[in-house]
Amino acid sequence: MLHILWLILKFILILLGIVLGLLLLAILLILFCPVRYRASGTKEQDDWKKIRGEGQISWLFHGVVLRVVWAEGNLQTSFRLFGIPVDKILNRRKKNKEHSLDSSESEEDQREVIEPEKIPESPVNAKSEKMISSPVDSQPQDAPEKSQQKTDSDIKEKKISPVRKLLSGIQSKRKRIWDRIHHIRAALCRVGAQVTWWRDFLEHPRVQAGISLVWTHAKFLIRHVLPTKMDGEITFSTEDPSITGAILAVLGMTIPFHKNCVRVRPLFSGENYCQGNVRIKGRIYGIVFVRAAVSIYFNKNIKYVIRRWKTRRA
């Protein structure tokens, strides 16, 4: 009996070890196996509709691949899992299912037999009832006081003078104006209190230290996500040479990002022209984001900022 219990416990422990090992392996792959991406764009003709673009995201040593292609105004996507075209299999199953449903519906339509409708016979009641109504004419007698009927409200309205109406209108308008002024003052006081709170909140040293920490990690993450390799060549010109120069100045501001790997060649030919190609590659590690999130979350200044934001203490 003890031997059997030991075997069951051993089997359970082995299963738990396998599950924990697979979980640990998945965590390590997510953290240290990079997500790689690459993209390219080409324009070889004057028509902007002839632009061709291609992008690909892969993970787990190209075991998981998502590919997107834009060509001649059409977008095509493909997803492969360890070489298996998952999207094609799903589309094929969907088409087979729709085909089977259409065939079954056509067979049911062929088997249907249209039968004439039967009109049920309903008995006719020959009896009729006569309704005798005797209208009662009740005419109220004319009272002699009807010609002299006047309500108190009409009399009061006639007695009110135009000056009194004007004064009551002025008083009501003045009351509405004062109410509006009080509402505006209350709103301005609330806005002033909020501005004061935000000023004190942002000027606090611990808040500034927390903002500086977040900005430092944000810049590092942006540099990490940006492409590690970029090359290409762009040739362009416009009808107005001044516009060509302005575009060249704007493109010159992007040199710190691609480090002059994309060669830009302007042509002052006086016509609209643009051709070229650009290719980029990059990778993203999950451990970088986890490290930044952990360092931000456990920082004392960040905790102070979160606590003060929740309590809203000035």
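**Starting at Ala293**

I began with Ala293, which at 45% relative accessibility counts as partly exposed; buried means under 20% relative accessible area, exposed over 50%, and partly exposed in between (1.4 Å probe, protein chains only). Ala293 is found in helix H8. I also checked Ala293 against Val214: the C-alpha atoms are 9.5 Å apart in space, while the two residues are 79 apart in sequence.

**Ground rules**

I note that this is a predicted model, where local features need pLDDT of at least 70, side-chain atom pairs count only at pLDDT 80 or more, and totals for chains, interfaces and linings use all residues. Residues are numbered from 1 along each chain as its sequence is written, and side-chain values use heavy atoms, with hydrogens and water left out.

**The chain as a whole**

I found 9 helices and 8 strands in the chain; helices (H or I, at least four residues) and strands (E, at least two) are DSSP runs, numbered from the N terminus. Of the 314 residues in the chain, 12% are buried. I looked at contacts next (heavy atoms within 4.5 Å). Among those with a separation of 6 or more, 62% join residues 24 or more positions apart.

**Helix H8 and its partners**

How do H5 and H8 cross? The axes of H5 (residues 205–225) and H8 (residues 286–297) come within 11 Å and cross at roughly 180°, which makes H5 roughly antiparallel to H8. For the record, axes are lines fitted to C-alpha atoms, for helices over the stretch in contact, and angles run from 0 to 180 degrees between N-to-C directions. Angles under 35 degrees count as roughly parallel, over 145 as roughly antiparallel, 65 to 115 as roughly perpendicular and the rest as oblique. The H5 side of the contact includes Leu213, Val214 and His217, and the H8 side includes Val288, Phe289 and Arg291.

I then turned to H1 (residues 2–32), whose axis comes within 5 Å of that of H8 and crosses it at roughly 90°. That makes H1 roughly perpendicular to H8. Ile30, Leu31 and Phe32 of H1 make the contact with Gly286, Ile287 and Val290 of H8.

**The sheet**

I traced an open sheet of 8 strands with mixed pairing, in the order S5-S4-S3-S2-S1-S8-S6-S7; two strands pair if DSSP finds at least two bridges between them. S5 (84–85) and S7 (262–266) stand at the edges with a single partner strand each, so one side of each has no neighbour in the sheet. S5 pairs with S4 (residues 74–81) in the antiparallel sense over 2 bridges, and Leu81 stands opposite Ile84.

**Last stop, Thr238**

Is Thr238 buried or exposed? Thr238 counts as buried, at 14% relative accessibility, and its place is in the loop between S6 and H6. Its side chain makes a polar contact with the side chain of Thr244 (2.5 Å). A polar contact is a pair of N or O atoms within 3.5 Å; within protein, one must be able to donate a hydrogen and the other to accept it, and residues adjacent in sequence count only if both atoms are side-chain atoms. Not counting residues up to four places away in sequence, Thr238 touches several residues, including Ile247, Leu267 and Asn272.
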